[in-house]
Amino acid sequence: MDKNNQSGDNRPLIKKLVLPLTLFIGGLLIFVILYKFLLGNKIQLPGTDSAIGQDAFQAPAEISTSLQIECQASVDKIDKLDSCEEKETEFLSKVSNCSGYSFALEAPKSLDSDGQYSDIVFNVAACYKKLGADKVAKAISLLKKAESDFPAWEVNMGPITCDSKSTLSAYLDAYSADATFTCTKSADLEKVVQQLQSKDLGFLKQMLWSNHIPELGLRDSDVSCPENLKEITNSLVKALNQSSKVSLSNEQKTDSMTTFIEINKGSDLVALLKVASNPDGCLYLDSLLVTNFDGVE
């Protein structure tokens with residue numbers, strides 16, 4: 001009698017436990033199946049067309065070791081060559097394959113210590129420029145070829161990199177400036193200020209000197225990039241449209257060959273036009289430094 005009662009008392013307890021246990025085990029099985037399915041898909045995502053999220057973005061293919069060796073050997077060769085023509089020939093023969101190669105030189109003879117292979121175009125152009133006016137055309141031809149044929153790249157400029165399109169355009173402007181450069185002496189600085197105040201900017205072209213590449217940058221950053229005359233003029237016009245006064249800066253660099261012309265809106269400095277003197281005492285356009293590229297808001 002006691003055994004029957006005990007058995008009867010346990011049945012309700014077992015019935016109560018069956019449903020929760022079934023739900024728990026079923027839920028656990030579903031979780032395990034889903035986890036394996038999702039984990040398996042995640043591992044396979046980078047290799048499938050349906051990849052999404054960060055895993056979908058693959059790092060660009062690296063230059064093969066053999067090509068790196070070939071490109072570095074070319075850099076070493078160009079660095080040691082004395083002939084500008086030979087430098088150009090070697091550079092053009094390898095640039096299509098080596099354009100994405102970043103080089104480094106421990107003790108460079110004629111190139112920079114580091115940079116992109118494509119950067120060498122500026123070294124070769126400068127090589128021609130140093131040979132005299134009769135070789136400038138070769139430099140311009142090479143720069144134009146790079147402008148039209150090379151894929152865009154970031155040019156190494158020490159602490160920063162600069163857009164290749166703007167840099168090439170700036171070099172082309174400067175290297176073509178000999179025909180329009182006019183010697184403006186320091187005594188004529190007040191006249192330059194008056195021209196700026198009246199927004200008469202035709203003098204800028206006359207101050208573009210072939211031995212210096214003008215730059216455009218932000219005043220507070222201490223860095224700037226080569227820029228063509230058109231873009232410098234456009235930025236200067238934006239600054240002048242915001243200004244109420246143009247004047248020579250009271251602050252001069254220790255280098256007495258450099259002068260800053262301030263463009264102000266009230267007490268706010270909008271831009272600094274930097275001019276410098278060449279060995280002949282002629283002023284040339286050095287750079288324009290603006291507060292921001294849209295002028296004062």
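This is a predicted model: local features need pLDDT of at least 70, side-chain atom pairs count only at pLDDT 80 or more; totals for chains, interfaces and linings use all residues.
A residue counts as buried here when its relative accessible area is under 20%, as exposed when that area is over 50%, and as partly exposed in between, using a 1.4 Å probe and protein chains only. Residues are numbered from 1 along each chain as its sequence is written, and side-chain values use heavy atoms, leaving out hydrogens and water.

Let us begin with the whole protein. You will find 9 helices and 10 strands in it; these are DSSP runs numbered from the N terminus, with H or I over at least four residues for helices and E over at least two for strands. Of its 297 residues, 38% are buried. A contact means heavy atoms within 4.5 Å, and among contacts between residues at least 6 apart in sequence, 56% join residues at least 24 apart.

Now turn to the sheet. Two strands pair if DSSP finds at least two bridges between them.

On one side, strand 7 (residues 245–248) runs antiparallel to strand 8 and is joined to it by 4 bridges; Lys245 has Asn264 of strand 8 as its bridge partner. Strand 9 (residues 268–277) is also antiparallel to strand 8, with 8 bridges between them, and Phe260 is partnered there by Lys274. Strands 8 and 9 form a hairpin with 2 residues between them, and Gly266 in the turn has a positive phi of about 65 degrees.

At the other end of the order, strand 5 (residues 215–218) pairs with strand 6 in the antiparallel sense over 3 bridges, and Gly217 stands opposite Ser224 of strand 6.

Next, look at helix 4 (residues 120–130), which is largely enclosed by the rest of the structure, because 9 of its 11 residues are buried. Among those buried residues are Ile120, Phe122, Asn123 and Cys127. Just after helix 4, Gly132 takes a positive phi of about 120 degrees.

How do helix 4 and helix 6 (residues 164–175) lie against each other? Their axes come within 12 Å and cross at roughly 5 degrees. The two helices are therefore roughly parallel to each other. From helix 4, the contact uses Val121, Phe122, Ala125, Ala126 and Lys129, and from helix 6, Thr167, Leu168, Tyr171 and Tyr175.

Finally, find Ser235 in helix 9 (residues 229–242). Is Ser235 buried or exposed? Ser235 is buried, with a relative accessible area of 10%. Apart from neighbours within four places in sequence, Ser235 is in contact with Leu216 and Leu288.

Note on methods
Axes are lines fitted to C-alpha atoms, for helices over the stretch in contact, and angles run from 0 to 180 degrees between N-to-C directions. Angles under 35 degrees count as roughly parallel, over 145 as roughly antiparallel, 65 to 115 as roughly perpendicular and the rest as oblique.
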